[in-house]
Amino acid sequence: MKNMSLIRMADVCGGVYYGEESKKNIEVSSITTDSRKAEEGCLFIAIKGERVDGHSFIPAVFEKGALCVLSEQKLENPQGPYILVESSLTAIKKLARYYRKQLDIKVVGITGSVGKTSTKEMIASVLSEKYKVLKTLGNFNNELGLPLTIFRLREDDEIAVLEMGISDFGEMHRLSEIACPDVCVITNIGQCHLEYLHDRDGILKAKSEIFDFLAKDGTIVLNGDDDKLAGLTQVKGIVPHFFGIETKRELYADELENLGLKGIRCRIHAKDESFQAVIPIPGYHMVQNALAATGVGLSLGLTLKEIHDGIEKLEAISGRFHLIETERYTIIDDCYNANPVSMKASLTALQDGLFRKVAILGDMGELGADEKELHHGVGTYAADLNIDLFLCVGTLCKNIAEGIREKNPDKKVQEFDSVEELLFALSQILKEKDTILVKASHFMKFDQIVDELKK
């Protein structure tokens, strides 16, 4: 890793180096906090968690060939060098910020209430037509995950596409300081993390911290269909690029054609030109993702042909409206996370399924004091959709069931207290050829339902 010698890292994070003088100028090959991923020449950062203390794995990582460890504790007779720090979490952020600046690389930072991951995937797919791209994997988008993503960068990488997620004020400021983005993308300002951010104005303020460390000659790409974002006419002297469907913005799409669960066809207009593309994942929100990727692609020198090809090569990822075809069912695995906006979008897309359409829904987290009303609102929205059966799981999801019944008493709704109770009854409820949406916040562990349906 470029300029990541042991003594340099100790200096960057304000730590003290203990070990052989002959090793202090050696650069580490990789950095990890997971002892299972420790390898020859790596730096292992020991973090004390709620259930597991990484310091207990220090002897094991040295046995695996780790060059050095970063520790909050003084070590007795360690098998190799170590850097002593007051806080491993503080140190990891300092190291990530330093390492990012050592690389000649462009960074695209993506945030928003809904659609961060799908937008990240779209942007990475487009940029990969021209550049070697590294992107955030899984949920590595917070103050620990973002540094670990940056540590995966190497000198031959040309662009990093980084998802940046928060739940409170100040977090995005710290993430922006680590990433130092060249391009900032905000997908929307919706109703999530209301427990800490209170309302959409609070969410806008918190998300806007992404601009705090934007490059002076940076680019901003915003969803112009979002009323809160549309009001940002300039940021630090930079005029944003707006995209939209509802209004003809600088970047806009029309001629939308629903292809069912196979995706959506549209015409994208940019730079006084246009092209038609098939987005291979269903949902009208994917058109906005394609527009965001078009804006980012143009800012980084891609041609419209390269942007078109990147859009059409997009692949779905597990847990994010991932279409799974089995001999018995068509499964829409969308169980990674949920909030009212994404729940409504997924339910709308479910209507495009063939044969009987079944929605398996669960609780949504971090919605604050209005959580019951927000669940109820999803129910009243769902009641008007062309969906045949709703299976509602969990305490809060009872409010979705209530909203459906109040708005449309003829809708078929069943309630379950737990995933286990649902799984016990599922084989008696579902029918062959059903199209099944599985959607809830991650803590509901709905991946168990997807696994059962795939059997």
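The legends below accompany close-up views of a predicted model.

**View 1. Helices α9 and α10 pack against each other at an angle of about 145°.**
A helix pair like the one in this view can be summed up in two values. Two packed helices are described by the angle between their axes and the distance between the axes. Here α9 covers residues 285–299 and α10 covers residues 304–312, and their axes lie 10 Å apart. The crossing of α9 and α10 is right-handed. From α9, the residues in the contact are Ala290, Thr294, Gly297 and Leu298, and they meet Leu304, Ile307 and Ile311 of α10. Sorted by class, this contact of α9 with α10 holds 5 nonpolar and 2 polar residues, with no charged ones.

**View 2. Helix α10 is largely enclosed by the rest of the structure.**

**View 3. Tyr18 and Tyr82 form a stacked aromatic pair.**
The count of aromatic pairs in the model comes to 2. In the pair of Tyr18 and Tyr82, the rings are 5.0 Å apart from centre to centre, with 15° between their planes. The pair links distant parts of the chain: Tyr18 belongs to strand β1 (residues 16–18) and Tyr82 to strand β5 (residues 82–84), 64 residues apart. Are these two tyrosines buried or exposed? Tyr18 is partly exposed, at 33% relative accessible area, whereas Tyr82 is buried, at 5%.

**View 4. The rings of Tyr99 and Phe151 make a tilted pair.**
The ring centres of Tyr99 and Phe151 are 6.5 Å apart and the planes stand at 45°, so the pair counts as tilted. This pair, too, links distant parts of the chain: Tyr99 sits in helix α3 (residues 88–102), while Phe151 is in the loop between α5 (145–150) and β8 (159–163), 52 residues apart. Tyr99 is buried, with a relative accessible area of 0%, and Phe151 is buried as well, at 1%.

**View 5. Lys205 and Arg249 each lie over a phenylalanine ring.**
Lys205 places its charged end over the ring of Phe169, at 5.8 Å from the ring centre. Arg249 lies over the face of Phe242, and here the distance to the ring centre is 5.2 Å.

**View 6. Asn3 and Glu255 have positive phi angles although neither is a glycine.**
Asn3 has a phi of about 60° and lies in the segment before α1 (6–12). Its relative accessible area is 28%, so Asn3 is partly exposed. Glu255 has a phi of about 55° and is found within strand β12 (residues 251–258). At 48% relative accessibility, Glu255 also counts as partly exposed.

**View 7. Leu430 is a buried loop residue.**
Leu430 is placed in the loop between α14 (419–429) and β20 (435–439). Its relative accessibility is 5%, so Leu430 counts as buried. Which residues does Leu430 touch? Leaving aside residues up to four places away in sequence, Leu430 touches Arg328, Tyr329, Arg356, Val358, Ile436 and Leu453.

**View 8. Ala338 is buried in the loop between β16 and α11.**
The loop that holds Ala338 runs between β16 (330–334) and α11 (340–350). Ala338 has 6% relative accessibility and so counts as buried. Not counting residues up to four places away in sequence, Ala338 touches Met343, Met364, Lys439, Ala440 and Ser441. Ala338 and Ile92 are 246 residues apart in sequence, and their C-alpha atoms are 29 Å apart in space.

**View 9. Asp227 is an exposed loop residue.**
Asp227 is found in the loop between β10 (219–223) and β11 (241–244). With 53% relative accessibility, Asp227 counts as exposed. Asp227 and Asn188 are 39 residues apart in sequence and 8.9 Å apart in space, C-alpha to C-alpha.

Methods. Residues are numbered from 1 along each chain as its sequence is written. This is a predicted model: local features need pLDDT of at least 70, side-chain atom pairs count only at pLDDT 80 or more; totals for chains, interfaces and linings use all residues. Side-chain values use heavy atoms; hydrogens and water are left out. Axes are lines fitted to C-alpha atoms, for helices over the stretch in contact, and angles run from 0 to 180 degrees between N-to-C directions. Helices (H or I, at least four residues) and strands (E, at least two) are DSSP runs, numbered from the N terminus. A crossing is left-handed if the near helix is turned anticlockwise from the far one by less than a right angle, and right-handed if clockwise. Contact means heavy atoms within 4.5 Å. Ala, Val, Leu, Ile, Met, Phe, Trp, Tyr, Cys and Pro count as nonpolar, Asp, Glu, Lys and Arg as charged, and the others, Gly among them, as polar. Rings of Phe, Tyr and Trp (its six-membered ring) pair if their centres lie within 6.5 Å; planes under 30 degrees apart count as stacked, over 60 as edge-to-face and the rest as tilted. Buried means under 20% relative accessible area, exposed over 50%, partly exposed in between (1.4 Å probe, protein chains only). A charge sits over a ring if NZ of Lys or CZ of Arg is within 6 Å of the ring centre and within 35 degrees of the ring normal.
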